[in-house]
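Student: Hi! I have a new model open and would like to talk it through. Could you put it up?

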Amino acid sequence: MPGKVTFQLDETLCQRLGGYSKKQFIKDIKAAKKKRHRVVISVGGENGTVSVSNAKEAKQFASSIYKLMEEYGFDGVDIDLEHGINARYMEKALRRLSQKAGESLVITMVSQT
């Protein structure tokens with residue numbers, strides 16, 4: 001579904017770590033946050049894409065990121081712009097996400113240089 005962000009742990013890596021699980025991952029996020037670290041989900045990058053090119057996709061992006069924040073305990077989102085982005089609709093998505101998450105939301109974004 002365009003605009004929707006999904007997340008899952010890498011099964012191969014989890015096996016190499018002796019059966020690392022989603023539950024352990026969430027526990028590790030909580031432990032980092034107890035040490036006053038902020039934890040964000042990173043989307044995009046060399047092998048991923050972020051496609052938010054209309055209002056429906058902006059809504060889907062914000063809703064799916066917020067769901068992952070609630071599920072895993074992320075403080076926000078890092079958006080990697082390696083493949084370009086529609087600034088108008090990404091702004092709409094991030095404003096919608098901010099309305100859901102509140103003032104503590106962390107957003108990072110850097111273009112590739």
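Tutor: Happy to. One term before we start: contact means heavy atoms within 4.5 Å. Also, keep in mind that this is a predicted model.

Student: Good. Then what is Ile65 in contact with, leaving aside its neighbours within four places in sequence?

Tutor: Ile65 is in contact with Val5, Ile41, Val43, Val77 and Leu97.

Student: And which residues touch the most other members of the largest nonpolar core?

Tutor: Ile65 is one of them, together with Phe61 and Phe74. That core has 27 residues.

Student: Switching to rings: how many aromatic pairs does the structure hold?

Tutor: There are 6 aromatic pairs. Take Phe25 and Phe74: their ring centres are 6.3 Å apart and their planes sit at 65°, so this pair is edge-to-face. The cut-off for that label is over 60 degrees.

Student: Where do those two sit in the chain?

Tutor: Phe25 is in helix α2, while Phe74 is in the loop between α3 and β2. They are 49 residues apart, and the pair links distant parts of the chain.

Student: Is Phe25 buried or exposed? And Phe74?

Tutor: Phe25 counts as buried at 17% relative accessibility, because buried means under 20%. Phe74 is buried too, with a relative accessible area of 6%.

Student: What about the pair of Tyr72 and Phe74?

Tutor: Those ring centres are 5.6 Å apart with planes at 35°, so the pair is tilted. Both Tyr72 and Phe74 are buried. Along with Phe7 and Phe25, they form one aromatic cluster.

Student: Nice. Zooming out, how many helices and strands are there?

Tutor: The protein chain has 4 helices and 3 strands. Along the sequence they follow the pattern α-α-β-α-β-α-β.

Student: Why is the chain called as compact as a globular protein of that length?

Tutor: Its radius of gyration is 15 Å, close to the 13 Å that the globule rule gives for 113 residues, so the chain is as compact as a globular protein of that length. The C-alpha trace spans about 45 × 30 × 30 Å along its principal axes.

Student: Last one: what share of the residues is buried?

Tutor: Buried residues make up 33% of the 113 in the chain. As for surface, the chain exposes about 7,700 Å², and carbon and sulfur atoms supply 46% of that.

Terms used
Residues are numbered from 1 along each chain as its sequence is written. This is a predicted model: local features need pLDDT of at least 70, side-chain atom pairs count only at pLDDT 80 or more; totals for chains, interfaces and linings use all residues. Side-chain values use heavy atoms; hydrogens and water are left out. A nonpolar core is a set of buried Ala, Val, Leu, Ile, Met, Phe, Trp, Tyr and Cys residues joined through side-chain atoms within 4.5 Å. Buried means under 20% relative accessible area, exposed over 50%, partly exposed in between (1.4 Å probe, protein chains only). Rings of Phe, Tyr and Trp (its six-membered ring) pair if their centres lie within 6.5 Å; planes under 30 degrees apart count as stacked, over 60 as edge-to-face and the rest as tilted. The radius of gyration is taken over C-alpha atoms; the globule rule is 2.2 Å times the number of residues to the power 0.38. Accessible areas come from the Shrake-Rupley method with a 1.4 Å probe; for residues, only the protein chains shown count as cover.
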